[in-house]
Amino acid sequence: MASQASPANRASRAVASESVKDDLLGSFEGRVGNYKVDYASIEELEINLGRGSTAYVNKAMWNGTPVALKTFNEPGNVEFEREVLTLSGLSHPNVVSLLCYAMDKRKCSIVLELMEADLCNMMQKRMDNADTDDCPPFHIAEAVDIIHQIAEGMNYLHQKRIIHRDLKSLNVLITGLKTGQVRAKVADFGLCKTKERSITNSNLTPNTGTYRWMAPEVIQTRNKDGQINTPQCIDSLKYPFKIDLYSFAMVCCEILTGEVPFKDTGSPASVKAKVLKGDRPELPPHCPGELKALIELCWDKEPNVRPSFSVVCEKLKSIKSSLTRGELIM
Ligand SMILES: Nc1ncnc2c1ncn2[C@@H]1O[C@H](COP(=O)(O)OP(=O)(O)O)[C@@H](O)[C@H]1O
Ligand SMILES: [Mg+2]
């Protein structure tokens, strides 16, 4: 018989759950506590840099340095902890840097190096300011350079056994616009997963990430009765790193066209149906043949056909040098 919890029981359970929370917090602070600062040391400015699904990002000053302050409106938010834990172990020119974090009873914040824009908004602005309609946001050499920088950041993550799971132009940050030396950095580690052990025993959750960038093997659909259909190639989840290569291919299309993947397809369900059927976005005529072939490999339906980021980086280096020598065939 189920027993009714007495007030004393409830109280002791509440204490127990508090101490579980404290333990988690303890292990979080034990691992990254040296990054913790007081909110008093941060001056938040009323300049909004962006707003994502989980947090808002404002400009701030920390120790006299302009920074980006990403705030979650609840303490101990899972995505906050995941992002701090992940970023604290990373250092790469194409991955955004963690400076410190702060938390109090109501909220928690990540202090990040300040970037000038996200790639999505930056491309939108460029296209709005262009003289002609239908103008891609970058010259091909600049496009390939940005694509290469993103691939280097992703290669570093995969070497660290981190799967990003939410790669898209909104999660790539840009700096150096004023100097003309554009630098791209991968950001937003709220959904990432670390795969330290077996990659065959996958615990990837279907439908995580944003649907326009989502690989077919993680798309989950429902039938007429609302029951979940098994993702088409559930077996393919034994290649969990390859979902980032599919998203990367979608980001390449965005960079080459300035448009989100499947921009003319409205609902999430119809985009997912198209992807599962094998449809892919169209690549523009100014895309060199070698780059087109590489992108097509990255979005292959079969995850094991998609190359690794180290192979992608090597190929992009060779495409870059052919472009410099004027040898590439469109
Ligand atoms: N370090 C930064 N510098 C400048 N802008 C940023 C920075 N970090 C995030 N942003 C802006 O805030 C937006 C949301 O941040 P993000 O980390 O992606 O949060 P979410 O997890 O809520 O999606 C980004 O798309 C970008 O426009
Ligand atoms: Mg984001």
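## A tour from the ligand to the core

Start by selecting ligand 1 together with S1, S3 and strand S5 (108–113): each of these strands supplies at least two residues of the shell around the ligand. Strands here are DSSP runs of E with at least two residues, helices are runs of H or I with at least four, and both are numbered from the N terminus. What you have open is a predicted model, in which local features need pLDDT of at least 70 and side-chain atom pairs count only at pLDDT 80 or more, while totals for chains, interfaces and linings use all residues. Residues are numbered from 1 along each chain as its sequence is written, and chains are lettered from A and ligands numbered from 1 in the order in which they are written.

Stay with the ligand and show its whole shell, 21 residues, the closest being Gly50, Gly52, Ala68, Met115 and Asp188. A residue belongs here if its C-beta atom, placed from the backbone, lies within 6 Å of the molecule. Colour the shell by type and you will find eleven nonpolar, six polar and four charged residues. Nonpolar covers Ala, Val, Leu, Ile, Met, Phe, Trp, Tyr, Cys and Pro; charged covers Asp, Glu, Lys and Arg; the others, Gly among them, are polar. Both domain 1 (32–113) and domain 2 (117–325) give at least three residues to this shell, with bounds from an automatic or database domain assignment.

Next, select S1 (residues 42–51) and S2 (residues 56–62), an antiparallel pair with six bridges; pairing requires at least two DSSP bridges between the strands. Four residues separate S1 and S2 in their hairpin, and Ile42 sits opposite Trp62 of S2. Find Tyr56 and look across to Thr71, its bridge partner in S3. At the turn of the S2–S3 hairpin, with two residues between the strands, stop at Asn63 and its positive phi near 50 degrees.

Finally, bring up the largest nonpolar core, 78 residues, where Ile147, Ile150, Phe248, Ala249, Cys252 and Cys298 have the most contacts inside it. Such a core joins buried Ala, Val, Leu, Ile, Met, Phe, Trp, Tyr and Cys residues through C-beta atoms within 7 Å; buried means 20 or more other C-beta atoms within 10 Å of the residue's own, with C-beta atoms placed from the backbone. Helix H5 (residues 242–257) is the top contributor to this core, with eleven residues.

Technical notes:
Buried ≥ 20, exposed ≤ 12 C-beta atoms within 10 Å, placed from the backbone.
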